[in-house]
Every structure is written in C-alpha cells, then in structure tokens.
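Please look over the sequence and the 3D structure below before reading on. The note is written for a reader new to protein structures.

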Amino acid sequence: MRNRSTRTRIMAALAGALAATTLAVSATPAAAKASDGYVRGYDTYADDWGDEGVLKYNGTYSRSNAVCLWQKILWAEGATELDGTPFDAADIDGVFGRNTELATSSLQGRWNMDYVDGIVGTSTFGRTDAKLGATGGSDGRGRTLYLTYFGARHTFDLTRDTEGRYRFPDRNGNWQTAGYNTWTCS
C-alpha cells in the first residue's frame with residue numbers, strides 16, 4: 001500500500017510539473033524563427049532580428065527573400081565585396097553566394113564581432129536591430145509599423161505588417177516580404 005501511495009504522489013508531481021511547463025511555454029511570446037517562414041517581430045522592434053534563422057553560403061535558405069533583406073543591409077552598410085568595392089545594389093539578388101559571404105565577413109570584422117565567419121547567425125542579424133528606427137505606425141501587435149534602416153552608407157525604408165512580417169524594397173524598388181521559403185526579389 002505504501003508503494004502505491006508513493007507512486008501516486010510521484011505521478012501527481014510529474015503531472016503538475018508537466019502542466020506548469022506547458023503553461024510557461026504557452027505564456028512565452030512567440031519568437032521569430034526560420035521555421036515560421038518569415039523574418040518577423042512583435043511589440044518593440046529593438047530585438048526583432050536577434051532570433052532569426054541562419055543565412056549562409058549553400059545553407060537551407062541561401063536563395064530567399066530573407067537573404068535579399070540581408071543583402072540590402074550589406075548595401076546600406078557599405079560592406080566590401082569580392083573585388084574590394086562596396087557591396088552595391090546590383091549585388092542584391094537573394095542568393096547567398098561567395099560575394100555575400102565575403103561581404104558578411106567584412107562587415108563582421110568592421111563591427112569587431114567575435115565570429116568573422118561570413119554566416120548570418122543570431123549575433124550578426126541581431127546587431128542590426130540597433131540600426132532600425134521607427135518612423136510611423138504602431139509597434140502594437142496587429143498594427144503596421146514603419147521603419148528606416150540607418151546604415152553606414154545608405155538608409156532604406158521597411159515595414160512590419162499586421163502579422164509581424166518585415167517588408168522591404170528590393171534593388172528595383174519592388175516591395176518584398178522577407179521570407180525564408182520565398183525567392184521573388186530581384
């Protein structure tokens with residue numbers, strides 16, 4: 001009888017711990033991830049990009065609008081490309097090739113980052129949050145927020161739509177949604 005009550009108490013404790021964990025996880029705000037399909041953010045924009053997916057040469061999302069957004073950032077920052085010139089608008093094609101990898105490395109080096117590897121991980125993408133400035137709208141959930149990215153050489157406008165997805169103009173001025181599974185930018 002004593003074994004049965006001990007087992008019952010252990011099972012009740014485990015069930016309680018599982019329920020508490022489930023409640024804690026469900027109460028946590030949704031974080032943007034590549035598996036979500038979009039570069040996304042909620043509430044304050046100051047920390048939207050620090051939890052994004054990895055972009056790299058021959059990576060899962062190496063041909064995507066998320067790469068196109070990153071290349072737009074490289075252009076705005078004046079990162080150095082393979083031939084030693086600044087990364088220019090003609091290089092914004094949504095393909096994370098060797099030129100984008102080298103430009104990313106040069107930017108990481110200029111920013112004195114711990115990793116100068118040409119990979120856009122959470123530290124590299126998160127570093128760009130500080131360069132965003134709100135220009136209108138609202139950062140409340142379900143509202144559109146208008147922003148500007150302030151790079152070292154150029155600025156460009158962005159929006160965060162009512163679903164938290166980032167939109168930006170590609171090199172031809174066509175507005176694109178920064179998605180990991182779409183490649184429509186040019």
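The numbered points below go from the whole chain to single residues.

1. Basis. This is a predicted model, in which local features need pLDDT of at least 70 and side-chain atom pairs count only at pLDDT 80 or more, while totals for chains, interfaces and linings use all residues. Residues are numbered from 1 along each chain as its sequence is written, and side-chain values use heavy atoms, with hydrogens and water left out.

2. Overall layout. The protein chain has four helices and five strands. Helices (H or I, at least four residues) and strands (E, at least two) are DSSP runs, numbered from the N terminus. Along the sequence the order is α-α-α-α-β-β-β-β-β.

3. Surface and contacts. Of the 186 residues in the protein chain, 42% are buried. Buried stands for under 20% relative accessible area, exposed for over 50%, and partly exposed for what lies in between (1.4 Å probe, protein chains only). The protein chain exposes about 9,800 Å², and carbon and sulfur atoms supply 52% of this area. Accessible areas come from the Shrake-Rupley method with a 1.4 Å probe; for residues, only the protein chains shown count as cover. Among contacts (heavy atoms within 4.5 Å) with a separation of 6 or more, 54% are between residues 24 or more positions apart.

4. Helix α3. How far apart are the end C-alpha atoms of helix α3? They are 18 Å apart, which agrees with the 18 Å that its 13 residues (98-110) should span at 1.5 Å a residue. The expected span is 1.5 Å times one less than the number of residues in the helix. The buried residues of α3 are Asn99, Thr100, Glu101, Ala103, Thr104, Ser105, Leu107 and Gln108. Their cover includes α2 (65-77) and α4 (122-127).

5. Most residues other than glycine have a negative phi, and most peptide bonds are trans. Asn112 belongs to the loop between α3 and α4, and counts as exposed at 67% relative accessibility.

6. Salt bridges. How many salt bridges does the structure hold? There are eight, a salt bridge being a side-chain nitrogen of Lys or Arg within 4 Å of a carboxyl oxygen of Asp or Glu. One of them joins Asp36 and Arg40, at 2.4 Å from N to O. Asp36 is partly exposed at 33% relative accessibility, whereas Arg40 is buried at 9%. Salt bridges also link Glu77, Arg110 and Lys131 in a network.

7. Asp43 and Arg141. These two residues form a salt bridge, with their closest N and O atoms 3.4 Å apart. Asp43 lies in the loop between α1 (2-27) and α2, and Arg141 in the loop between β1 (132-137) and β2 (145-150), so the pair ties together parts that are 98 residues apart in sequence. Both ends are partly exposed: Asp43 has a relative accessibility of 35% and Arg141 one of 45%. Asp43 also has a phi near 55°, which is a positive value in a residue other than glycine.

8. Asp139. This residue is found in the loop between β1 and β2 and is partly exposed, with a relative accessible area of 34%. Asp139 and Asp43 are 96 residues apart in sequence, but their C-alpha atoms are 5.1 Å apart in space. Leaving aside neighbours within four places in sequence, the contacts of Asp139 are Asp43, Thr44, Leu145 and Arg160.

9. Aromatic pairs. The structure holds five aromatic pairs. Rings of Phe, Tyr and Trp (its six-membered ring) pair if their centres lie within 6.5 Å; planes under 30 degrees apart count as stacked, over 60 as edge-to-face and the rest as tilted. Trp49 and Tyr166 have ring centres 5.2 Å apart and planes at 65°, so this pair is edge-to-face. The pair links distant parts of the chain, with Trp49 in the loop between α1 and α2 and Tyr166 in strand β4 (residues 166-169), 117 residues apart. Trp49 is buried at a relative accessible area of 0%, and Tyr166 is buried at 0%. Ring pairs join Trp49, Trp70, Phe125 and Tyr166 into a cluster.

10. Arg165. Glu163 and Arg165 form a salt bridge, with their closest N and O atoms 3.8 Å apart. Glu163 is partly exposed at 43% relative accessibility. The charged end of Arg165 sits over the ring of Tyr38, 5.2 Å from its centre. A charge sits over a ring if NZ of Lys or CZ of Arg is within 6 Å of the ring centre and within 35 degrees of the ring normal.
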